[in-house]
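Subject: A structure for you to explore

Hi there,

Here is the structure I promised to hand over. Have a look around first, and then read on for my notes.

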Amino acid sequence: MNRDQHENGIVLTHPLSPSGDESRSDLPEELIVEILLRLPVRSLVQFKCICKSWKTLISDPKFVKRHLQISSAEPNLIHLFFSQLSEPQKIVSYPLKPLFQNILPPVNSSGMMKMKNQYWIIGSCNGLLCMYNRYHHCVKLRNPSIMFKSNKSPRAVSFEWMNILYGFGFDRVNDKYKVLLVVRNKNDPNQILTRVYTFGLDSWKTIPNFQITPTGPFSLLGKFVSGNLNWIAKKRVVSVSSSQIVILILSFDLEKETCKELLLPQHDGDKVYGHTLYVLSNCLGVCYETNKTHWVVWLMKEYGVVESWTKFMIIPLDKFNKPPAIVIPVFVLENGAVLLVNKYTSQFVLYDLNTGELDYSLDYSLKGISNFRHNLHICCESLVSL
């Protein structure tokens, strides 16, 4: 191993001494790097001003990537907040894990960013939030942790188009962040256009042959997993003797910019209602009501492999205070505690995988959310920018 390259792959170009004497350090450089990797972003931003070597280290892409891997274990809940329509929206961040102890999480005021009320959050990835202007059909990125914001994209379409679907994710192969937008012509409902924007290229690209019919308002936002955006969609299947509507998952590969269909888990002839996609533990999931008696939650343990669908939870409907079709899983701990949230009331509920019990005693619910279905996201602190 090179003298200046440590086990985590980070290469040091200067000794890491914060003092005026850059030739010596009281601590081994490897230990300094490990300590810095575990500090919050706000501290690291301040430490970049201490000395040139620390600024170089903290700005190094390998350091940024390794710090992101570590900070992902302590995610935050991100949403948009406003108290009055006339006031600007704020991006508000809360640490997620205190909710499991029914502890009111402190607001991360240092990461607050204000913006006009015309924006939605349409996705989060690697600490970046993708903001979509629903009136002007343009996007930009923000990282509240480092107060970063990108330039606004050009318009995707003109005003005579209306939104159908959208999604945001990361093309790992090409190291690019991308947005997919599907719109319908207000004057001709049969005219549908699909466009993809790549941050850094500053242009929209039209994607042909992307046909999808969403199943409801909560299926508009694509769920990003393993380099793919995913939506619940319905498709008419016509045969010689019959015609029927099939519910499936439409997946869009951000690297290849192609789409494919994924089958939902088999439900053995049960009547199912209210399919909703979610992401839990980096796995794609789907939940729905079955036979109007139970709420069933599935996880696709290996993305794209239909045989990997695994039943994760099944809860009798009579245990819920509210209809479960409006409840989604948000986060799961290693001890089997699952945080659920009501998509309409913003109330949190805890479910214990070990006992099968629901806990409605959480005192905390999100207030003042504008258009909740677009604006609640799991995000981690990061040093990532474009």
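To begin with a place you can find yourself: in which strand is Thr206? Thr206 sits in strand β11, residues 204-206. Strands here are DSSP runs of E with at least two residues, helices are DSSP runs of H or I with at least four, and both are numbered from the N terminus.

Before going further, please keep in mind that this is a predicted model, where local features need pLDDT of at least 70, side-chain atom pairs count only at pLDDT 80 or more, and totals for chains, interfaces and linings use all residues. Residues are numbered from 1 along each chain as its sequence is written, and side-chain values use heavy atoms, with hydrogens and water left out.

**The chain as a whole**

The protein chain has 5 helices and 24 strands. Of its 386 residues, 48% count as buried. Buried means under 20% relative accessible area, exposed means over 50%, and partly exposed is in between (1.4 Å probe, protein chains only). Contact means heavy atoms within 4.5 Å. Among contacts between residues at least 6 apart in sequence, 48% join residues at least 24 apart.

Not counting residues up to four places away in sequence, Thr206 touches Leu193, Thr194 and Arg195. Thr206 and Val196 are 10 residues apart in sequence, and their C-alpha atoms are 6.4 Å apart in space.

Tyr273 belongs to strand β16, residues 272-280. Tyr273 is partly exposed because its relative accessibility is 32%. Leaving aside neighbours within four places in sequence, Tyr273 is in contact with Tyr288, Glu289, Asn291 and Lys292. From Tyr273 to Asn291 there are 18 residues in sequence and 8.2 Å in space, C-alpha to C-alpha.

**Two loop residues with positive phi**

One of the contacts of Tyr273, Lys292, has a positive phi of about 55° although it is not a glycine. Lys292 is in the loop between β17 (283-290) and β18 (294-300). Glu257 is not a glycine either, and its phi is positive at about 55°. You will find Glu257 in the loop between β14 (243-253) and β15 (258-262). Are these two residues buried or exposed? Glu257 counts as buried because its relative accessibility is 13%, whereas Lys292 has a relative accessible area of 58% and is therefore exposed.

**The nonpolar cores**

In soluble globular proteins, nonpolar side chains tend to be buried together. A nonpolar core here is a set of buried Ala, Val, Leu, Ile, Met, Phe, Trp, Tyr and Cys residues joined through side-chain atoms within 4.5 Å. The largest nonpolar core has 55 residues, and those with the most contacts inside it are Ile122, Phe168, Tyr177, Val179, Phe199, Phe210 and Phe252. Apart from that core lies another, of 33 residues, with Val297, Met313, Ala337 and Leu362 among them. Beyond neighbours within four places in sequence, the contacts of Val179 include Ile122, Phe168, Phe199 and Trp204.

**How the helices pack**

Two packed helices are described by the angle between their axes and the distance between the axes. Axes are lines fitted to C-alpha atoms, for helices over the stretch in contact, and angles run from 0 to 180 degrees between N-to-C directions.

The axes of α1 (residues 29-37) and α4 (residues 61-71) come within 9 Å and cross at roughly 55°. The two helices are therefore oblique to each other; angles under 35 degrees count as roughly parallel, over 145 as roughly antiparallel, 65 to 115 as roughly perpendicular and the rest as oblique. On the α1 side are Val33, Leu36 and Leu37, which meet Phe63, Arg66, His67 and Ile70 in α4.

Helix α3 (residues 52-59) also packs with α4, at an angle of about 60° and with the axes 5 Å apart. That angle makes α3 oblique to α4. Leu57, Ile58 and Ser59 of α3 make this contact with Pro61, Phe63 and Val64 of α4.

**Cysteines**

How many disulfides are there in the whole structure? The search finds 0, a disulfide being a pair of cysteine sulfur atoms within 2.5 Å. For Cys379, the closest cysteine sulfur is in Cys380, and it is too far for a bond because the distance is 5.6 Å.

Enjoy exploring!
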